[in-house]
Amino acid sequence: MLTPHPSSNIEYWFFKVNSGPIALLVDWIERRKLNEHGLRVSIHSPYKREVLFERLDTFMPSDNFMSQKKTVGHSGDVSWDLDIELGSEQIKPDIFPAGLLRMPDTLYESAPLAKFTGWIRHGTEKITLAQVNGAVTQYWGRQLLQEWWWLSAHQFDKEGVAVECTVFRTSLWGTSAQMPSAFLYLYRKGKRDFLMAPPNSVTVQGSPDQFIIEFSRIARKKITLVGTGREYGDFGERIINTITGDLEIFEDNQRIASAKGTAGLERRTAATPLSNKK
């Protein structure tokens, strides 16, 4: 993981972690055609809720970076110094031969069981982390996916549960042709479920304030994710994000686990066709 892809038009590296009263998501963004190097910091804390944007001189300068083992950075009133353990799990959602033929807008790789140790400061608030669960993710390609629902959560009312999911629509080879797809990673009691759609089927209903994602598995119980969002921040490019949402996970009608105020939820809406604009 975290290997640069210099031939791609865009590349995003980010991490997400929730610990006590602080939740932090940091993106490093590379737009190579525009020669732009960006930093985006989204934070929730007792100090305030804010989303910060900053231009960097390079993709990852020495005082603002993430590697496989460490991240150090700062923006505005936010700073952090965290050691990273990527963990044993890494996921690469792909439906053969889509990735090989570079059909979708982006390719995606994540370490959904990463652990963070160190500190985060936001204004007058500072919190120390010791082996706190979170995620490290990288994606790259021609352009952003056309639209998506994304969720990631690690702090549940039951130990040993983690989930990462994206339901999205991508263009094919950058053309007007589009394809829906999705993946779900669910870790519980030391075991993993990793589903792709297709061949499984997925539906999404609702709005960012309250939505339901349902995966129907072949000859197995369905998995349902119920998300409740609040305190969304505007990431630009039709993207809103919160890292203090609620999330419930069900297998058929049995609840597996619940996260209260610790779920990362994100929505990118589809672009409005020019013919429909007023």
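Is Lys189 buried or exposed?

Analyst: Lys189 is exposed, with a relative accessible area of 81%; here buried means under 20% relative accessible area, exposed over 50%, and partly exposed in between, using a 1.4 Å probe and protein chains only. Before going on, a caveat: this is a predicted model, where local features need pLDDT of at least 70, side-chain atom pairs count only at pLDDT 80 or more, and totals for chains, interfaces and linings use all residues. Residues are numbered from 1 along each chain as its sequence is written, and side-chain values use heavy atoms, with hydrogens and water left out.

Back to Lys189: its phi is positive, about 50°, although the residue is not a glycine. You'll find Lys189 in the loop between strand S12 (178-188) and S13; strands (E, at least two residues) are DSSP runs numbered from the N terminus. Arg102 also has a positive phi, near 55°, and is not a glycine either. Arg102 sits in the loop between strand S7 (78-85) and strand S8 (106-122), and is exposed at 59% relative accessible area.

A cis peptide bond joins Ala197 and Pro198, with omega about -10°. Another cis bond links Pro198 to Pro199, with omega about 15°, and Pro199 belongs to that S13-S14 loop too.

Now for the sheet. Nine strands make an open, antiparallel sheet, ordered S4-S3-S2-S1-S9-S8-S7-S6-S5; two strands pair if DSSP finds at least two bridges between them. Strands S4 (49-55) and S5 (65-66) are at the edges with a single partner strand each, so one side of each has no neighbour in the sheet. S3 (residues 36-44) is joined to S4 by seven bridges, and Ile43 stands opposite Glu50 in S4.

What about the packing? The largest nonpolar core has 29 residues, and those touching the most other members include Phe15, Leu24 and Trp80. Such a core is a set of buried Ala, Val, Leu, Ile, Met, Phe, Trp, Tyr and Cys residues joined through side-chain atoms within 4.5 Å. S1 (10-19), S2 (22-31), S3, S7, S8 and S9 (125-141) each give two or more residues to this core. A second, separate core of 25 residues includes Val163, Leu195, Phe215 and Ala257.

Terms used: Helices (H or I, at least four residues) and strands (E, at least two) are DSSP runs, numbered from the N terminus.
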